[in-house]
Amino acid sequence: MTPTIDVDHVARLARLVLTDEERERFGRQLALILEHADRVREVAAADVPPTSHPIPRANVLRADEPGPSLSHEDALANAPEAEAGMFRVPPITEREEEG
Amino acid sequence: MGDAATTAGPVAGTDTAYETVIGLECHVELSTRTKMFCGCRNEFGAPPNTNVCPVCLGHPGTLPVPNERAIESIVRIGLAFDCEIAPHSLFHRKNYFYPDMPKNFQISQYDLPICVGGHLDVEVDGEGRRIGITRVHMEEDTGKTTHAGATGRIAGADYALEDYNRAGVPLVEIVSEPDLRSPAEARAYLTELRATLLALGVSDVRMEEGSLRCDANISVRPVGHPEFGTKVEIKNMNSIRSVERALRHEQERQVGVLAGGGRVVQETRHFDETTGTTTSMRSKEEAFDYRYFPEPDLSPLEPDPAWVERLRAELPELPAARRRRFEQRYAVPPAQAATLAADHAWAAFFEEAAAGADPRLVANWMTGDLAGLLNEAGIELAGAKVGPRHLTALARLLADGTISSAGAKAALAEAFATGEAIEAVVRARGLAQVSDEGALTAVVDEVIAENPGPVEQFRGGKEGALNALIGPVMKKTGGSANPQVVRDLLRARLSR
């Protein structure tokens with residue numbers, strides 16, 4: 001079975017506007033990726049746990065010690081627009097969601 | 001206040017009684033020195049974009065590393081709520097586009113949070129209730145957005161400004177079960193939650209500064225109905241009192257909708273502090289698709305059980321236990337015990353003061369006059385000029401009759417302003433009450449002579465008339481007479 005994917009939905013989530021040609025091409029490419037994942041599922045026996053990380057390491061942490069921050073000027077250096085020491089961004093018409 | 005019942009009905013025009021179901025989601029900013037995944041300082045009120053670096057600004061190629069202090073704090077929070085500390089938990093990416101997160105995703109936890117299945121015991125109107133806690137998970141805070149333009153609100157803004165000082169600050173989310181049955185219970189839960197976090201010393205939990213934030217899910221259903229009603233999420237409540245007000249309003253609104261034969265719409269509503277009402281923010285047309293996936297840049301968390309047990313053993317006394325101890329050991333009334341036990345600074349102050357005087361008097365004056373003075377001055381107990389020894393002295397002088405309540409009030413107010421010792425204030429201001437009958441007799445006789453009316457009434461059997469005579473005596477002695485002695489003296493002189 002060839003898995004299908006809703007390219008329009010994925011594009012909307014990624015805020016991408018696709019041409020018809022891109023939609024068709026990406027749809028094909030994404031289907032290939034899904035197929036590959038399906039093949040992995042075939043080989044993986046039931047006793048193989050899902051792998052979230054390829055390297056078996058846990059608890060990589062850092063001490064709660066302050067390190068250097070950027071200078072205020074450097075922090076804003078690449079901002080397309082800045083105002084009052086803040087990054088200026090286009091108006092937000094709809095609250096997408098918060099953390 | 002307190003709700004008379006856990007139901008919101010019956011309402012006019014219907015016999016149906018409704019039951020309210022509430023669940024709370026609380027976000028707590030941890031008071032670590034640095035952010036969750038980088039070494040930028042975690043401080044409130046710094047100039048915009050001064051505590052930022054390539055990691056928290058989401059620059060390409062940077063790698064986050066979790067703050068071990070934050071992990072320790074969340075494990076301690078989980079233990080305080082009696083949660084299970086997961087032997088294996090993961091960070092996930094929560095993907096969404098909003099400029100308050102420069103990475104376009106927030107690092108959070110999804111199906112494998114650090115702490116699961118705990119509870120918090122609260123007391124409402126003297127009745128104990130156990131509120132389930134679904135999960136406690138670790139994530140990072142977002143930046144702060146200022147909507148600029150004509151209205152200052154999201155709608156109609158011309159542009160927005162982003163300050164990323166807060167982006168990446170360690171944030172703990174605590175999700176309750178839908179176990180709360182009234183706005184008063186929600187308030188009790190939040191108060192207890194806040195006190196517990198304060199006792200743990202993991203956050204300063206200031207709702208007005210946003211280090212404690214709360215969203216509420218609320219629905220109503222006819223009593224006895226097995227399924228929950230349609231829930232509404234309420235946001236933008238910035239004090240515990242606001243949460244209770246918003247829920248009270250929303251509960252009434254939903255009951256009104258149902259009683260009128262309508263249907264509650266699942267939506268997010270915004271609480272307006274000035275009107276005390278909630279308004280719809282826009283219905284959720286499609287469910288958000290956050291495309292959670294395991295954060296590849298962060299390793300799993302697998303806390304060493306021995307370390308967890310050590311943290312458990314080192315937990316401080318929590319407010320619920322402290323409250324019980326204050327009631328039992330010091331015989332302090334429940335309401336006062338709750339106030340004193342809720343805050344570590346207050347509890348320590350109380351115990352020190354109560355060691356040298358009648359604890360009930362200390363508790364009474366701390367939760368009464370001292371709390372009032374602090375409130376008026378707008379300062380915290382830690383910043384006050386009076387310490388435990390002032391309260392000890394005050395309680396002692398009250399207990400042995402050296403000062404009256406009025407004298408104590410004046411002495412405390414003066415000491416609060418100057419920091420001077422209570423004994424010195426009492427001496428300097430002549431606040432010691434005169435209990436010596438010989439010294440008071442002349443004044444008492446004078447008042448009797450000057451007030452024939454009340455004297456007549458008292459002799460005629462009207463007990464209350466005595467008060468009309470005590471007043472002038474107190475006035476003539478500048479408030480220094482011991483009212484009990486005056487009362488006895490008047491009675492003796494009049495019944496001769």
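Which strand of chain A does β8(B) pair with, and in what sense? The points below take up this pairing and then the rest of the model.

1. Basis. This is a predicted model, in which local features need pLDDT of at least 70 and side-chain atom pairs count only at pLDDT 80 or more, while totals for chains, interfaces and linings use all residues. Residues are numbered from 1 along each chain as its sequence is written, and chains are lettered from A and ligands numbered from 1 in the order in which they are written.

2. The pairing between chains. The partner of β8(B) is strand β2 (residues 86–89) of chain A, and the two pair in the antiparallel sense over three bridges. Strands here are DSSP runs of E of at least two residues, helices are runs of H or I of at least four, and both are numbered from the N terminus; two strands pair if DSSP finds at least two bridges between them. Within this pairing, A:V89 has B:A160 of β8(B) as its bridge partner.

3. The sheet built from both chains. An open sheet of four strands has the order β1(A)-β2(A)-β8(B)-β7(B), with antiparallel pairing. Its edge strands are β1 (82–83) of chain A and β7 (144–148) of chain B, each of which pairs on one side only. On the chain A side, β1(A) and β2(A) pair in the antiparallel sense over two bridges, and A:E83 has A:M86 in β2(A) as its bridge partner.

4. The interface. In total, 48 residues of chain B are in contact with 35 residues of chain A; contact means that the C-beta atoms, placed from the backbone, lie within 7 Å. On the side of chain B that touches chain A, the elements giving two or more residues are α1 (68–80), β4 (105–108) and β8 (159–163) of chain B. β8(B) gives the most, with five residues. By class, this side has 24 nonpolar, twelve polar and twelve charged residues. For these classes, Ala, Val, Leu, Ile, Met, Phe, Trp, Tyr, Cys and Pro count as nonpolar, Asp, Glu, Lys and Arg as charged, and the others, Gly among them, as polar.

5. Chain A. Three helices and two strands make up the elements of chain A, in the order α-α-α-β-β from the N terminus on. Of its 99 residues, 7% count as buried. A residue is buried if 20 or more other C-beta atoms lie within 10 Å of its own, exposed if 12 or fewer, and partly exposed in between, with C-beta atoms placed from the backbone.

6. Chain B overall. Chain B has 15 helices and 14 strands, and its C-alpha trace spans about 95 × 60 × 50 Å along its principal axes. Buried residues make up 41% of the 496 residues in chain B. Among its contacts between residues at least 6 apart in sequence, 69% join residues at least 24 apart.

7. A sheet within chain B. An open sheet of three strands has the order β4-β3-β14 (chain B), with antiparallel pairing. β4 and β14 (293–294) of chain B have a single partner strand each, so one side of each is left without a neighbour in the sheet. Strand β3 (residues 92–95) of chain B and β4(B) pair over four bridges, and B:R93 has B:I107 in β4(B) as its bridge partner. β4(B) is also one of the elements listed for the side of chain B that touches chain A.

8. A hairpin. Strands β12 (residues 268–272) and β13 (residues 277–280) of chain B run antiparallel and are joined by four bridges. B:R269 has B:S280 in β13(B) as its bridge partner. Four residues lie between the strands of this hairpin, in which B:G276 takes a positive phi near 70°.

9. Helix packing, α2(B) with α3(B). Helix α2 (residues 183–200) and helix α3 (residues 240–259) of chain B pack at an angle of about 160°, with their axes 8 Å apart. Axes are lines fitted to C-alpha atoms, for helices over the stretch in contact, and angles run from 0 to 180 degrees between N-to-C directions. That makes the two helices roughly antiparallel; angles under 35 degrees count as roughly parallel, over 145 as roughly antiparallel, 65 to 115 as roughly perpendicular and the rest as oblique. Residues of α2(B) in the contact include B:L190 and B:T191, and those of α3(B) include B:L247 and B:Q251. By class, this contact has seven nonpolar, two polar and three charged residues.

Methods: Two residues are in contact if their C-beta atoms, placed from the backbone, lie within 7 Å.
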